[in-house]
Amino acid sequence: YLYSGARVVTALDRRSGKAGLIWFPGRRIIVTVDTSYLLTGEELMALDRSAYHAAGQKRERLRREISSINRTKYSLERERRSLQKRKDELESSLRTTEGEIKKLLSSGRFEDVPPLRERRDELKLKLKLISDALKDVAQRLREIEDKLKGKRDELEKVEEEISEGCVKWKVPCDCSEAMIKAGDVLFVGGEGKVIAFDAENG
């Protein structure tokens, strides 16, 4: 595998060029048999490879699911706004029509009332259909919100699992330009400095 990245490090298959199933939030990485050493520009950490790989895959799956749910939520919110606008227009038309009916009745022009009553009935029917559609969208949005909350809670637990179970150690480090491992020592380089860390415990 080839590991490359700027803000994150992604594993690429050297034969096919396809991205791997895991990415690391860092600038430099060294991978050994059981440990990955990651330099982020803010800290240096050692990760348990097997534990991080499994948890990292789960985290990325959850992030993709959350992104998909958010797209559905956005679409439903846009539909709700459109329906609400149409409902407001229908209610305005209905008020105008009923006002015209009252004026005709008060002036004794009874022969002109039936067409307006037909229009009023049509508006009421359309308004009912729009109101029902709004209720349906509101219900779907509530279900989406519940689903989104569940996925976010699950993601938070995975993040805690990664932080507590996958990180062997981590130390503050503002270097991000270079990192090499020589025996049990990690050397990291930044602007105008090189720092050595014990690979076992940081």
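Analyst: Happy to! Helices (H or I, at least four residues) and strands (E, at least two) are DSSP runs, numbered from the N terminus. This is a predicted model, in which local features need pLDDT of at least 70, side-chain atom pairs count only at pLDDT 80 or more, and totals for chains, interfaces and linings use all residues. Residues are numbered from 1 along each chain as its sequence is written, and side-chain values use heavy atoms, with hydrogens and water left out.

The structure holds one aromatic pair. Its partners are Y37 and W169, tilted at 45° between the planes and 6.3 Å centre to centre. Here, rings of Phe, Tyr and Trp (its six-membered ring) pair if their centres lie within 6.5 Å; planes under 30 degrees apart count as stacked, over 60 as edge-to-face and the rest as tilted. Because Y37 sits in strand β5 (residues 35-39) and W169 in strand β7 (residues 167-172), the pair ties together parts that are 132 residues apart in sequence. Both Y37 and W169 are buried, where buried means under 20% relative accessible area, exposed over 50% and partly exposed in between (1.4 Å probe, protein chains only).

I180 counts as exposed because its relative accessibility is 51%.

Helix α1 (residues 49-106) contains D88, which counts as partly exposed because its relative accessibility is 38%.
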